[in-house]
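This report describes one protein chain, first as a whole and then through two of its residues.

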Amino acid sequence: MKIQLPRELESRFGRLRGRLLRVQSLETILAVFVFLALSFLIVFVADRLADTVAPIRFAVLVGGLVLAGLAAFRWVFRWVLAPPGIKRLAVLVQRRYRQLGDRLLGIVELANESARPANFSEELYEAAIDQVSTDALNYDFEGAVSTRLMRRLVTGSIALAVVFGILAVVGPGAAG
(Lines give C-alpha, C1' and ligand atoms only; values in the text may rest on other atoms or scores of the structure.)
Protein backbone atom coordinates (compact mmCIF):
# COMPACT_ATOMS: atom_id res chain seq x y z
CA MET A 1 0.00 0.00 0.00
CA LYS A 2 1.22 3.47 -0.83
CA ILE A 3 1.31 5.95 2.02
CA GLN A 4 0.73 9.56 0.95
CA LEU A 5 -0.06 12.94 2.34
CA PRO A 6 -3.77 13.85 2.52
CA ARG A 7 -5.17 15.63 -0.55
CA GLU A 8 -5.92 18.83 1.35
CA LEU A 9 -2.32 19.04 2.57
CA GLU A 10 -1.02 18.35 -0.96
CA SER A 11 -3.37 21.06 -2.22
CA ARG A 12 -2.04 23.55 0.33
CA PHE A 13 1.52 22.78 -0.71
CA GLY A 14 0.46 23.36 -4.33
CA ARG A 15 -1.04 26.75 -3.49
CA LEU A 16 2.09 27.62 -1.50
CA ARG A 17 4.23 26.72 -4.52
CA GLY A 18 2.05 28.95 -6.73
CA ARG A 19 2.27 31.92 -4.35
CA LEU A 20 6.01 31.48 -4.00
CA LEU A 21 6.36 31.43 -7.79
CA ARG A 22 4.29 34.61 -8.18
CA VAL A 23 6.18 36.49 -5.44
CA GLN A 24 9.62 35.46 -6.66
CA SER A 25 8.72 36.19 -10.29
CA LEU A 26 7.59 39.70 -9.37
CA GLU A 27 10.73 40.16 -7.27
CA THR A 28 12.84 39.21 -10.28
CA ILE A 29 11.04 41.60 -12.64
CA LEU A 30 11.32 44.44 -10.14
CA ALA A 31 14.99 43.69 -9.41
CA VAL A 32 15.83 43.77 -13.12
CA PHE A 33 14.05 47.12 -13.44
CA VAL A 34 15.77 48.55 -10.35
CA PHE A 35 19.27 47.47 -11.45
CA LEU A 36 18.87 48.84 -14.97
CA ALA A 37 17.22 52.05 -13.73
CA LEU A 38 19.99 52.61 -11.20
CA SER A 39 22.65 52.17 -13.87
CA PHE A 40 20.84 54.77 -16.00
CA LEU A 41 20.61 57.18 -13.07
CA ILE A 42 24.28 56.75 -12.21
CA VAL A 43 25.25 57.67 -15.77
CA PHE A 44 22.73 60.53 -15.81
CA VAL A 45 24.10 62.06 -12.59
CA ALA A 46 27.71 61.47 -13.63
CA ASP A 47 27.04 63.25 -16.94
CA ARG A 48 25.56 66.22 -15.08
CA LEU A 49 28.63 66.49 -12.85
CA ALA A 50 31.25 66.05 -15.56
CA ASP A 51 31.67 64.71 -19.05
CA THR A 52 31.65 60.95 -18.46
CA VAL A 53 33.95 58.98 -20.74
CA ALA A 54 32.52 56.11 -22.76
CA PRO A 55 34.37 53.30 -20.89
CA ILE A 56 32.85 54.42 -17.59
CA ARG A 57 29.37 54.59 -19.11
CA PHE A 58 29.91 51.15 -20.59
CA ALA A 59 31.15 49.77 -17.24
CA VAL A 60 28.07 51.11 -15.45
CA LEU A 61 25.81 49.63 -18.14
CA VAL A 62 27.57 46.26 -17.90
CA GLY A 63 27.30 46.38 -14.09
CA GLY A 64 23.55 46.97 -14.32
CA LEU A 65 23.16 44.22 -16.91
CA VAL A 66 25.21 41.77 -14.83
CA LEU A 67 23.13 42.44 -11.71
CA ALA A 68 19.92 42.14 -13.74
CA GLY A 69 21.24 38.89 -15.24
CA LEU A 70 22.06 37.53 -11.78
CA ALA A 71 18.53 38.30 -10.62
CA ALA A 72 17.14 36.50 -13.67
CA PHE A 73 19.51 33.55 -13.17
CA ARG A 74 18.40 33.30 -9.53
CA TRP A 75 14.82 32.86 -10.75
CA VAL A 76 15.80 30.35 -13.44
CA PHE A 77 17.79 28.34 -10.91
CA ARG A 78 14.98 28.33 -8.35
CA TRP A 79 12.15 27.56 -10.76
CA VAL A 80 13.62 25.79 -13.80
CA LEU A 81 16.84 24.05 -12.76
CA ALA A 82 15.91 23.22 -9.15
CA PRO A 83 12.21 23.87 -8.55
CA PRO A 84 11.12 23.64 -4.93
CA GLY A 85 10.03 20.20 -3.87
CA ILE A 86 7.61 19.42 -1.11
CA LYS A 87 10.48 19.11 1.39
CA ARG A 88 11.68 22.64 0.68
CA LEU A 89 8.13 23.93 0.94
CA ALA A 90 7.67 22.15 4.28
CA VAL A 91 10.84 23.80 5.59
CA LEU A 92 9.49 27.18 4.45
CA VAL A 93 6.24 26.60 6.36
CA GLN A 94 8.14 25.42 9.43
CA ARG A 95 10.26 28.56 9.49
CA ARG A 96 7.13 30.71 9.52
CA TYR A 97 5.15 28.58 11.95
CA ARG A 98 7.62 27.33 14.52
CA GLN A 99 4.78 25.72 16.48
CA LEU A 100 4.78 22.92 13.91
CA GLY A 101 8.35 22.09 14.84
CA ASP A 102 9.85 19.33 12.74
CA ARG A 103 6.55 17.47 12.55
CA LEU A 104 5.56 18.77 9.11
CA LEU A 105 8.90 17.85 7.56
CA GLY A 106 8.67 14.55 9.42
CA ILE A 107 5.43 13.50 7.77
CA VAL A 108 6.72 14.62 4.37
CA GLU A 109 9.64 12.25 4.91
CA LEU A 110 7.29 9.50 6.15
CA ALA A 111 5.35 9.77 2.89
CA ASN A 112 8.60 9.33 0.92
CA GLU A 113 8.82 5.64 0.01
CA SER A 114 12.58 5.62 -0.63
CA ALA A 115 13.35 6.76 2.93
CA ARG A 116 11.35 4.06 4.70
CA PRO A 117 12.92 1.11 6.51
CA ALA A 118 11.98 -2.36 5.38
CA ASN A 119 9.98 -3.23 8.50
CA PHE A 120 7.77 -0.19 9.03
CA SER A 121 4.24 -0.10 10.36
CA GLU A 122 1.84 1.33 7.77
CA GLU A 123 -0.79 2.02 10.43
CA LEU A 124 1.67 3.94 12.58
CA TYR A 125 2.89 5.99 9.61
CA GLU A 126 -0.67 6.78 8.53
CA ALA A 127 -1.71 7.76 12.06
CA ALA A 128 1.26 10.11 12.39
CA ILE A 129 0.59 11.65 8.99
CA ASP A 130 -3.11 12.11 9.79
CA GLN A 131 -2.43 13.72 13.17
CA VAL A 132 0.20 16.18 11.95
CA SER A 133 -1.69 17.03 8.76
CA THR A 134 -4.80 17.79 10.82
CA ASP A 135 -2.74 20.15 12.99
CA ALA A 136 -1.03 21.69 9.94
CA LEU A 137 -4.34 22.52 8.27
CA ASN A 138 -4.87 25.17 10.95
CA TYR A 139 -2.04 27.24 9.42
CA ASP A 140 -2.07 29.44 6.34
CA PHE A 141 0.68 27.93 4.19
CA GLU A 142 0.58 30.81 1.70
CA GLY A 143 1.30 33.18 4.58
CA ALA A 144 4.70 31.51 4.93
CA VAL A 145 5.95 33.30 1.81
CA SER A 146 7.93 36.37 2.79
CA THR A 147 7.01 39.48 0.83
CA ARG A 148 9.50 41.82 2.51
CA LEU A 149 11.91 41.92 -0.44
CA MET A 150 9.05 42.36 -2.89
CA ARG A 151 7.65 45.31 -0.92
CA ARG A 152 11.08 46.95 -0.81
CA LEU A 153 11.51 46.45 -4.54
CA VAL A 154 8.05 47.88 -5.22
CA THR A 155 8.90 50.94 -3.13
CA GLY A 156 12.24 51.33 -4.92
CA SER A 157 10.62 50.91 -8.32
CA ILE A 158 7.98 53.52 -7.58
CA ALA A 159 10.64 55.92 -6.33
CA LEU A 160 12.72 55.37 -9.46
CA ALA A 161 9.67 55.82 -11.69
CA VAL A 162 8.92 59.13 -9.95
CA VAL A 163 12.54 60.23 -10.44
CA PHE A 164 12.32 59.26 -14.12
CA GLY A 165 9.11 61.23 -14.46
CA ILE A 166 10.69 64.29 -12.89
CA LEU A 167 13.77 63.96 -15.12
CA ALA A 168 11.59 63.63 -18.21
CA VAL A 169 9.68 66.81 -17.31
CA VAL A 170 12.63 68.91 -16.10
CA GLY A 171 15.20 67.87 -18.67
CA PRO A 172 13.68 65.85 -21.48
CA GLY A 173 16.72 66.29 -23.74
CA ALA A 174 19.17 65.16 -21.07
CA ALA A 175 16.95 62.29 -19.92
CA GLY A 176 16.62 61.06 -23.51
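What pattern does the protein follow when read along the sequence? The pattern is α-α-α-α-α-α-α. The protein has 7 helices and 0 strands; helices (H or I, at least four residues) and strands (E, at least two) are DSSP runs, numbered from the N terminus. Its radius of gyration is 24 Å, well over the 16 Å that the globule rule gives for 176 residues, so the protein is more spread out than a compact globule. The radius is taken over C-alpha atoms, and the rule is 2.2 Å times the number of residues to the power 0.38. Along the principal axes, the C-alpha trace spans about 75 × 30 × 20 Å.

This is a predicted model, in which local features need pLDDT of at least 70 and side-chain atom pairs count only at pLDDT 80 or more, while totals for chains, interfaces and linings use all residues. Residues are numbered from 1 along each chain as its sequence is written, and side-chain values use heavy atoms, with hydrogens and water left out.

Of the 176 residues, 31% count as buried, where buried means under 20% relative accessible area, exposed over 50%, and partly exposed in between (1.4 Å probe, protein chains only). The protein exposes about 10800 Å², and carbon and sulfur atoms supply 64% of that area; accessible areas come from the Shrake-Rupley method with a 1.4 Å probe, and for residues only the protein chains shown count as cover. Among contacts (heavy atoms within 4.5 Å) between residues at least 6 apart in sequence, 77% join residues at least 24 apart.

| Residue | Helix | Relative accessible area |
|---|---|---|
| Leu-89 | H3 (residues 86-96) | 1% |
| Gln-24 | H1 (residues 7-49) | 10% |

Leu-89 touches Phe-13, Leu-16, Arg-17, Leu-20 and Pro-84, not counting residues up to four places away in sequence. One of these, Leu-16, is 73 residues from Leu-89 in sequence, yet the two are 7.5 Å apart in space, C-alpha to C-alpha.

With the same exclusion of residues up to four places away in sequence, Gln-24 touches Trp-75, Arg-78 and Trp-79. The side chain of Gln-24 also makes a polar contact with the side chain of Trp-79, at 2.7 Å. A polar contact is a pair of N or O atoms within 3.5 Å; within protein, one must be able to donate a hydrogen and the other to accept it, and residues adjacent in sequence count only if both atoms are side-chain atoms.
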